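Please read this briefing alongside the sequence and the model. It is arranged by topic.

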Amino acid sequence: MREQEPSVPNALGVVAMSHRILNRRIRNAGVAAVIAAASAVALTACGSNDSSSDAKGNSSSTVSSATKASGSDASIHSQAGKQATTLSGSEADTLRATAECQPGTLKATLDSAGTSQAGMNHRGTFLRVTNTGDETCVISGYAGVALEGAGHTAIKTTARHGNTYFATDPGAHPITLGPGKSAWADLVWTTTGVETAHAKYLQISPTGSNSHSTVPFAEDLDNGTLSLTAWSSKPPINA
């Protein structure tokens with residue numbers, strides 16, 4: 001019996017089916033490749049965006065800060081330059097007028113100012129500070145004071161700022177002192193005999209610094225305690 005040969009149509013069908021299967025696999029592989037490539041691009045894009053965002057954020061912040069700092073410096077230099085070029089004549093005098101008085105140009109003394117301060121176991125006098133320099137300056141606040149005994153020995157001193165028995169405290173405020181001009185403060189103590197301090201000298205520091213004048217002050221006072229007002233443009237005395 002002779003073996004039957006396969007029919008052409010069947011062979012062609014097998015071939016066609018093989019081509020379809022192959023094409024489907026190729027398409028599937030292509031789709032997978034496309035998906036994989038798209039995923040890789042997406043992941044790369046996401047990673048790139050995050051990194052870029054951070055870098056841009058940091059860079060932007062740094063640049064912004066640098067720009068601001070640079071701007072501030074430029075502004076400061078500009079203002080400094082402007083001030084340097086415009087401060088002349090009367091403006092320079094005004095600037096000098098607002099400068100604080102330096103201890104070396106101030107002379108401190110005691111001054112009755114023609115007023116007697118005595119009554120009810122209280123005694124008083126004025127501190128007077130004079131600008132001995134050539135420039136106008138400003139003084140404010142309270143003087144520093146300290147008692148000394150015989151031989152300039154230190155006496156424990158308590159200074160109380162505010163109203164005194166004879167004067168109302170004007171409070172700390174700037175006082176402009178031209179050359180030769182003075183300011184005053186009221187200085188008061190009590191004499192009831194309570195732990196009396198026998199003073200011979202008084203240290204006066206017009207600005208409260210270590211620089212001071214020492215003046216005679218032969219007074220007996222209670223507890224080494226002094227009351228004083230702030231500096232004033234005239235002797236502060238209650239009417």
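Predicted model: local features only at pLDDT ≥ 70, side-chain atom pairs only at ≥ 80, totals over all residues.

Residues are numbered from 1 along each chain as its sequence is written, and side-chain values use heavy atoms, with hydrogens and water left out.

**Salt bridge**

- One salt bridge turns up in a search of the whole structure; the term means a side-chain nitrogen of Lys or Arg within 4 Å of a carboxyl oxygen of Asp or Glu.
- The partners are arginine 128 and aspartate 111, whose closest N and O atoms are 3.4 Å apart.
- Distant parts of the chain are linked by this pair, since arginine 128 is in strand 3 (residues 122-131) and aspartate 111 is in strand 1 (residues 106-111), 17 residues apart.
- Strands here are DSSP runs (E, at least two residues), numbered from the N terminus.
- Arginine 128 is partly exposed at a relative accessible area of 30%, whereas aspartate 111 is buried at 16%.
- Buried means under 20% relative accessible area, exposed over 50%, and partly exposed in between (1.4 Å probe, protein chains only).

- An open sheet of four strands has the order 6-5-10-11, with antiparallel pairing; two strands pair if DSSP finds at least two bridges between them.
- Strand 6 (154-155) and strand 11 (213-222) are the edge strands, each pairing on one side only.
- Strand 5 (residues 144-148) and strand 10 (residues 196-205) run antiparallel and are joined by five bridges.
- Alanine 146 is placed opposite glutamine 203 of strand 10.

**Positive phi**

- Most residues other than glycine have a negative phi.
- Alanine 113 has a positive phi of about 55°; this residue is in the loop between strand 1 and strand 2 (117-119) and is partly exposed, at 35%.
- Glutamate 195 also has a positive phi, near 45°; its place is the loop between strand 9 (182-190) and strand 10, and it is exposed, at 64%.

**Largest pocket**

- A pocket is an open set of points on a 1 Å grid over the protein atoms alone, where a 1.4 Å probe fits, with protein on both sides within 12 Å along at least five of seven lines.
- The volume of the largest pocket is about 170 Å³, volume being the space filled by probe spheres set on the points.
- Its lining has 10 residues, with Glu100, Val138, Ile139, Ser140 and Thr207 nearest the centre; lining residues have an atom within 4 Å of a point.
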